[in-house]
Amino acid sequence: MEPKDRLIVPLDVPTVSDAEQMVDLLGDTVSFYKIGYHLAFAGGLGYVAELLSGGKQVFLDMKLHDIESVVAK
């Protein structure tokens with residue numbers, strides 16, 4: 001397994017544009033990304049298809065009940 005396949009980079013940013021910039025910046029050094037519910041509800045679910053078609057892996061972290069401060073937001 002390559003190092004780039006062992007790391008999941010969280011796209012914990014407020015907009016799809018911010019996520020796109022991060023993915024572009026990291027390029028081929030990363031192949032796996034996490035999208036949480038904040039980004040998902042800001043249009044990030046549509047971005048998942050773009051990541052997948054670009055050969056990336058995606059973990060959708062849509063849980064709400066694990067961290068009290070996250071649920072409060």
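Reader: Let's start with K34: buried or exposed?

Author: K34 is buried, with a relative accessible area of 14%. Buried means under 20% relative accessible area, exposed means over 50%, and partly exposed is in between, using a 1.4 Å probe and protein chains only. This is a predicted model, where local features need pLDDT of at least 70, side-chain atom pairs count only at pLDDT 80 or more, and totals for chains, interfaces and linings use all residues. Residues are numbered from 1 along each chain as its sequence is written, and side-chain values use heavy atoms, with hydrogens and water left out.

Reader: Okay, and which residue forms a salt bridge with K34 at 3.0 Å?

Author: That's D12, with the closest N and O atoms 3.0 Å apart. A salt bridge here is a side-chain nitrogen of Lys or Arg within 4 Å of a carboxyl oxygen of Asp or Glu.

Reader: And D12, buried or exposed?

Author: D12 is exposed, at a relative accessible area of 53%.

Reader: How many salt bridges does the structure hold?

Author: Two. In the other one, the side chains of K34 and D61 meet, at 3.7 Å from N to O. This pair also links distant parts of the chain, K34 in strand β2 and D61 in strand β3, 27 residues apart. Salt bridges that share partners join D12, K34 and D61 into one network.

Reader: What does D61 touch, leaving out residues up to four places away in sequence?

Author: K34, I35, G36 and Y37. Contact means heavy atoms within 4.5 Å. D61 counts as buried, at 13% relative accessibility.

Reader: Let me zoom out. What's the pattern along the sequence?

Author: The chain follows β-α-β-α-β-α, which comes to three helices and three strands. Helices (H or I, at least four residues) and strands (E, at least two) are DSSP runs, numbered from the N terminus.

Reader: What order do the strands take in the sheet?

Author: The order is β1-β2-β3, in an open sheet of three strands with parallel pairing. β1 (9-10) and β3 (57-61) stand at the edges with a single partner strand each, so one side of each is left without a neighbour in the sheet. Two strands pair if DSSP finds at least two bridges between them.

Reader: How many bridges join β1 to β2?

Author: Two bridges join β1 to β2 (residues 32-36), and the strands run parallel. V9 has Y33 in β2 as its bridge partner, and P10 stands opposite K34 in β2.

Reader: Why is β2 largely enclosed?

Author: Because five of the five residues of β2 are buried, it is largely enclosed by the rest of the structure. Both faces are covered: F32, K34 and G36 are buried on one side, and Y33 and I35 on the other. As background, in a regular strand the side chains alternate between the two faces of the sheet.

Reader: Which helix lies across β2 and β3?

Author: Helix α2 (residues 37-53), which runs at about 150° to β2. Axes are lines fitted to C-alpha atoms, for helices over the stretch in contact, and angles run from 0 to 180 degrees between N-to-C directions.

Reader: What about L26, where does that lie?

Author: L26 lies in helix α1 and is partly exposed, at a relative accessible area of 26%. L26 touches V9 and Y33, not counting residues up to four places away in sequence. L26 and V9 are 17 residues apart in sequence and 9.7 Å apart in space, C-alpha to C-alpha.

Reader: Last one: how much of the chain is buried?

Author: Buried residues make up 30% of the 73 residues in the chain.
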